[in-house]
Amino acid sequence: MDNNNYVGCCSNIKTKHRDKNGKEYKNLISRLNRIEGQIRGIKNMVEDDRYCVDILTQTSAVQSALNSFNKELLAQHIKSCVVHDIRKGNDEVVDELVCTLQKLMK
C-alpha cells in the first residue's frame with residue numbers, strides 16, 4: 001500500500017478513500033451487487049407466496065454472503081488501516097478492532 005496517498009480509516013474522522021479502480025474495491029462492489037440481487041429475489045419470493053422453507057434457504061444464503069463480505073472487508077481493514085495506525089504509534093486501533101470483532105461475533 002502506498003502510504004503517501006493513505007487517508008486513515010481509523011483516525012478520528014473514520015474514513016478512508018478507496019482506490020475505486022482497485023481490485024479490492026471492485027470485488028467488494030461485486031459481492032454487494034450479488035447480495036442485492038439475492039435480497040430482491042427473496043422479496044419476490046415473499047410477494048409470490050413461495051414455500052417458507054425455500055425462502056429460509058435463500059435468506060441463509062444471503063447471510064452467508066454477508067459473512068463472506070465482512071471477512072473480506074475486515075481483512076482489508078487489518079492489512080491497511082490497522083497496520084498503518086500501529087506503525088504510526090496509534091495503538092488505540094487495536095481496541096477498536098477488538099470491539100469490532102466482538103460485535104461481529106454476536
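Predicted model: local features only at pLDDT ≥ 70, side-chain atom pairs only at ≥ 80, totals over all residues.
## Overall fold

The protein chain contains three helices and zero strands. Along the sequence, the pattern reads α-α-α. Of the 106 residues in the protein chain, 22% are buried.

## Helix α2

Helix α2 spans residues 52-87. It has 36 residues and reaches 51 Å from its first C-alpha to its last, close to the 52 Å expected at 1.5 Å a residue. Helix α2 also bends, by about 35 degrees, at isoleucine 78.

The buried residues of α2 include Ile55, Val62, Ala65, Phe69 and Leu74. Gln76, His77, Ser80, Cys81, Val82, His84 and Asp85 are also among the buried residues of this helix. An α-helix has 3.6 residues a turn, so residues three or four places apart point the same way.

The C-alpha atom of leucine 66 is separated by 8.3 Å from that of leucine 32, although the two residues are 34 apart along the chain.

## Packing of α1 against α2

Two packed helices are described by the angle between their axes and the distance between the axes. For helix α1 (residues 23-47) and helix α2, the angle is about 165 degrees and the axes are 10 Å apart. Angles over 145 degrees count as roughly antiparallel, and α1 and α2 are therefore roughly antiparallel to each other. Their crossing is left-handed. The residues of the contact of α1 with α2 divide into 14 nonpolar, six polar and four charged.

## The loop between α1 and α2

Aspartate 49 is in the loop that lies between α1 and α2. Its phi is near 55 degrees, which is a positive value in a residue other than glycine. Aspartate 49 has a relative accessible area of 70% and is exposed, since the cut-off for exposed is over 50%.

## Packing of α2 against α3

Helices α2 and α3 pack at an angle of about 165 degrees, and their axes are 10 Å apart. That angle makes α2 roughly antiparallel to α3. The crossing of α2 and α3 is left-handed.

Helix α3 covers residues 92-104, and glutamate 92 lies in this helix. Glutamate 92 is exposed, with a relative accessible area of 62%. The C-alpha atoms of glutamate 92 and valine 82 are separated by 9.6 Å, and the two residues are 10 apart along the chain. Valine 82 belongs to α2 and is buried there.

Notes. Residues numbered from 1 in each chain as written. Heavy atoms only, no water. Helix = DSSP H or I, 4+ residues; strand = E, 2+ residues; numbered from the N terminus. Buried < 20%, exposed > 50% of the residue type's maximum accessible area, 1.4 Å probe, protein only. Axes fitted to C-alpha atoms, helices over the stretch in contact; angles between N-to-C directions. Parallel < 35°, antiparallel > 145°, perpendicular 65-115°, else oblique. Left-handed = near helix turned anticlockwise from the far one by under 90°. Nonpolar A, V, L, I, M, F, W, Y, C, P; charged D, E, K, R; others polar. Expected span 1.5 Å × (residues − 1). Bend = angle between axes of the 7 residues up to and from the residue.
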